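Trainee: Could we walk through this model together? I would like to start with the inside.

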Amino acid sequence: MKEFLYQSILFANNFSLVYIVLVNSIYFLQLTGAGFSLLSYIKSLRFSDYKRYIESENMIPISLLVPAYNESETIIDNVKNLLSLDFPQYEVIVINDGSTDNTLQLLMKEFDMISFAEPFRRSVESQEIKKIYRSPKNPYLIVVDKINGGKADALNAGMNVSNYPVFVSIDADSILEKESLTKIIMPFVSDHEVVAVGGIVRIASGCKIKNGELVEIGLSKKPLIMLQTVEYLRAFLTGRIGFASIDILMIISGAFGAFNKNAAISVGGYTRGCIGEDVELVLKIHRYMLEKKQKYKVKFLADPVCWTQPPDKLSDLKKQRKRWQIGLMNTLFMHKKLLFNPRYGKIGMLGLPYFWIFEFLGPLIEVFGFILVPISFILGVVNVEFLISFFVLAVLGGCILSVGALLLEENTFKKYPGGSQVMRLLLYAVLDNFGYRHLNTIYKVMAIFSYKKSKHTWGQITRKRLDN
């Protein structure tokens with residue numbers, strides 16, 4: 001019995017080590033694929049004349065959907081920013097999802113909104129729309145006032161009211177760069193098979209924003225926000241690009257994503273009551289297109305930038321990360337029949353297995369390993385060489401990914417001016433792997449164990465004014 005227990009613990013330790021090696025190998029492949037894809041994209045931009053489309057009357061028009069629930073701190077700056085973008089034809093639809101603060105009143109006052117009896121087609125299900133408002137000063141601004149139904153429900157209502165063939169979802173605490181719409185629409189213009197495009201999301205804290213316009217890019221002085229700045233670069237410049245490069249992109253951020261409206265309607269729109277509605281919509285589109293055997297593409301672009309406000313307190317970070325993990329679990333459980341199903345091609349055989357193994361079960365394995373390996377060393381089950389190897393590999397893989405993402409940023413877009421900013425980012429790219437990543441892993445494990453109780457709970461995060 002004693003020998004069996006010893007061998008079982010030894011096996012568990014070896015399994016943890018193999019898992020760490022496998023994760024690091026996947027990270028390296030993502031980084032390599034992202035590097036090639038990013039260089040190709042930058043080269044295509046240099047030879048592209050996309051800027052001439054800004055004034056073109058033949059550009060595909062866009063509907064911007066902004067779900068808003070108690071967003072009084074940021075909504076005015078957000079709308080001002082969206083109304084000032086360089087794009088020939090678009091509409092901004094703010095969906096007031098039954099806010100209990102003065103979000104609606106602020107919009108009414110700032111933009112002189114008046115009630116408008118506007119007909120619309122109920123293409124997807126949503127809660128009742130009470131009133132629709134328009135602004136004589138800004139004819140392309142629409143405010144929808146509806147009964148509260150959650151973010152997915154609000155987006156469905158916005159989709160119903162929208163007039164254009166492509167819609168872009170954007171969070172109410174975010175702002176877009178001037179040319180973001182032109183860049184994110186180009187895949188739809190150049191390829192009729194494109195049904196969804198994700199844009200990169202960056203951290204706005206530390207940047208100078210005046211009247212809803214980004215006037216200077218900077219970095220926050222707060223360590224927690226700096227760690228998130230590096231984390232976002234790593235997630236978007238390696239993970240998203242890497243997945244898109246092999247056609248298994250399954251996550252388009254709800255903060256900034258563009259969709260063919262007909263494709264979204266075909267799958268019933270966003271799933272109401274689902275936390276993680278952005279991920280779930282993308283997977284629904286994959287599933288529908290594969291079942292119908294229709295040609296389609298889901299793409300990611302690293303240049304059309306959305307700047308967003310991150311949590312600046314650990315309590316809010318915890319809420320956000322638990323919500324993200326619960327949203328992922330919702331999506332995986334709802335589409336479990338796709339897992340290892342060859343009918344769904346790369347999505348079923350590569351994409352979903354990755355998310356099940358490394359994003360859902362991975363946090364449990366990591367926490368188990370970080371607890372078991374030191375205990376095993378103390379009990380004499382493993383030697384010091386094994387202990388050191390485990391922790392070096394665990395830290396080294398994350399460092400390579402974070403530093404690699406920063407190098408990709410500096411070799412391509414160079415958004416952060418000055419050597420001091422780059423050095424600060426480099427410092428936090430290393431520090432990220434000494435506690436912060438592991439804290440997020442713990443939050444994910446907490447979400448897994450609280451899934452039943454929290455799977456319908458959105459949670460509220462403190463907002464601050466974008467204007468600073």
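Predicted model: local features only at pLDDT ≥ 70, side-chain atom pairs only at ≥ 80, totals over all residues.

Trainee: Is strand E6 enclosed or open to the outside?

Mentor: Take residues 166–170, which make up E6. Val166, Val168 and Ile170 point one way, while Phe167 and Ser169 point the other way. Five of the five residues are buried, so E6 is largely enclosed by the rest of the structure.

Trainee: Which strand pairs with E6 in the parallel sense?

Mentor: Look for Ser169 in E6, which stands opposite Leu65. The parallel pairing runs over four bridges. The partner, residues 62–68, is strand E1.

Trainee: How many bridges join E6 to strand E11?

Mentor: E11 covers residues 256–260 and runs antiparallel to E6. Ile170 stands opposite Phe256 there. The bridges between E6 and E11 number five.

Trainee: What is the volume of the largest cavity?

Mentor: The count comes to one cavity of 30 Å³ or more. The volume of the largest cavity is about 110 Å³.

Trainee: Which element gives the most to its lining?

Mentor: The lining has 13 residues, with Ile20 and Val23 among the closest to the centre. By class, six are nonpolar, five polar and two charged. With five residues, the top contributor is H1.

Notes: Residues numbered from 1 in each chain as written. Heavy atoms only, no water. 1 Å grid on protein atoms, 1.4 Å probe; cavity = no way out; pocket = protein on both sides within 12 Å on 5 of 7 lines; lining within 4 Å. Points joined across faces, edges and corners; volume = space filled by probe spheres on them. Helix = DSSP H or I, 4+ residues; strand = E, 2+ residues; numbered from the N terminus. Nonpolar A, V, L, I, M, F, W, Y, C, P; charged D, E, K, R; others polar. Buried < 20%, exposed > 50% of the residue type's maximum accessible area, 1.4 Å probe, protein only. Pairing = 2+ DSSP bridges.
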